[in-house]
Amino acid sequence: MAISTIQSSFLLITILFLLSPITTHSNSSDDLLSELIHLRSKSPLGLIHLKDPLLQRILSIPSPKPFSSLIFFDARQLHSKPDNSIPSIKYEFSLLSSSFLTNNPQNNTQIFFFIIEFQESKSSFELFDVQSLPHIRLIPIYVTDVKTDCIKMDASGFSMGADSMKEFVEMNSNVNLGPIHAPPVIPKKMMMIIGAGFLIWSPFLVKKFVIGNTLLQNKYIWMVASILVYFFSVSGTMYTIIRKAPLFLIDRNDPGKYHIFYQGSGMQLGAEGFAVGFLYTIVGLLLALMTHILVHLKNRGTQSLLMALGLFVSFWAVKRVIYLNNWKTGYGVHAYWPSGWM
């Protein structure tokens with residue numbers, strides 16, 4: 001009877017000893033999760049300032065981890081450089097974090113958003129082999145090797161801001177972040193002031209409109225506006241705004257030198273679009289001049305001379321556009337003349 005009691009006690013101690021690491025890991029994971037929730041609550045945007053010790057604790061949790069981690073690698077000493085996009089991408093990252101908390105006020109522990117600074121955590125930069133900035137890395141719930149299992153966001157997606165980051169996270173994890181909540185372009189107070197001013201001036205505006213003495217009834221204003229709309233449409237202005245393409249690039253070897261043309265089809269500068277749009281606008285204006293004004297000239301000699309000059313300038317402008325396209329893309333565009341008719 002005593003031997004049976006000793007065997008039972010020994011078996012119980014063995015089971016408790018085997019289960020103790022699991023209990024320890026579970027308690028450690030719960031403690032870390034509670035700490036991250038507390039750190040996140042201190043930031044209005046839901047961002048956690050990450051350092052080497054905290055990162056090592058996150059990585060030490062065995063797989064599957066209870067949460068995913070999205071890390072933005074930052075370097076404050078680079079923010080002052082004019083051609084650096086780190087501050088704007090960091091803002092989009094914070095927008096993604098705050099939107100996730102807004103969309104998930106209760107169940108929001110599936111993923112945490114971190115910002116790690118180079119001067120404070122150089123070893124972490126070396127651990128993830130960060131060679132250039134901006135850099136975003138996702139730590140999924142299953143990680144055995146940090147360098148191979150942690151997923152790096154492709155740099156081509158940074159141009160789309162928070163939307164591309166949201167797509168990156170949802171595609172590589174089981175977390176649904178929800179829609180992005182961007183702040184309004186015009187604050188509510190400013191909108192109220194504008195609305196009040198419009199209501200105050202509305203009687204005077206109605207009176208001027210009835211008399212016909214407004215800018216909206218001036219034909220020259222509409223002519224200039226139509227030219228500007230045409231210019232911005234052919235210059236790719238919407239592409240520049242959406243992609244947040246820079247107007248020009250600064251030469252790294254000579255900071256006082258600017259490049260307004262970039263050779264390569266992967267990127268278009270704002271100045272390139274404006275240059276091509278200007279050439280196309282010249283062609284459009286000359287065609288309008290020849291078809292609506294010069295056709296009414298009574299002097300045939302003057303009419304022919306001006307039309308020939310307009311065609312020559314138009315031909316020159318189109319030729320410059322083709323030259324720029326060939327230089328930028330490396331693909332030749334040439335005129336085709338048929339050798340005969342079937």
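A nonpolar core is a set of buried Ala, Val, Leu, Ile, Met, Phe, Trp, Tyr and Cys residues joined through side-chain atoms within 4.5 Å, where buried means under 20% relative accessible area with a 1.4 Å probe and protein chains only. The model is predicted, and local features need pLDDT of at least 70, side-chain atom pairs count only at pLDDT 80 or more, and totals for chains, interfaces and linings use all residues. Residues are numbered from 1 along each chain as its sequence is written, and side-chain values use heavy atoms, with hydrogens and water left out.

The largest nonpolar core has 23 residues, and Leu36, Leu50, Phe67, Ile71, Phe114, Phe128 and Ile139 have the most contacts inside it. Among the elements that give two or more residues to this core are α1 (2–41) and α2 (52–60), and α2 gives the most, with four residues. Helices (H or I, at least four residues) and strands (E, at least two) are DSSP runs, numbered from the N terminus. A second, separate core of 22 residues includes Ile86, Phe100, Ile136 and Phe158.

Five strands form an open sheet of mixed pairing in the order β1-β3-β2-β4-β5; two strands pair if DSSP finds at least two bridges between them. The edge strands, β1 and β5, each pair on one side only. Strands β4 and β5 run antiparallel and are joined by two bridges, and Leu138 has Ile151 as its bridge partner in β5.

| Helix | Strands | Angle |
|---|---|---|
| α2 | β1, β2, β3 and β4 | about 105 degrees with β1 |
| α3 (86–103) | β1, β2, β3 and β4 | about 155 degrees to β2 |

Conventions
Buried < 20%, exposed > 50% of the residue type's maximum accessible area, 1.4 Å probe, protein only. Contact = heavy atoms within 4.5 Å. Axes fitted to C-alpha atoms, helices over the stretch in contact; angles between N-to-C directions.
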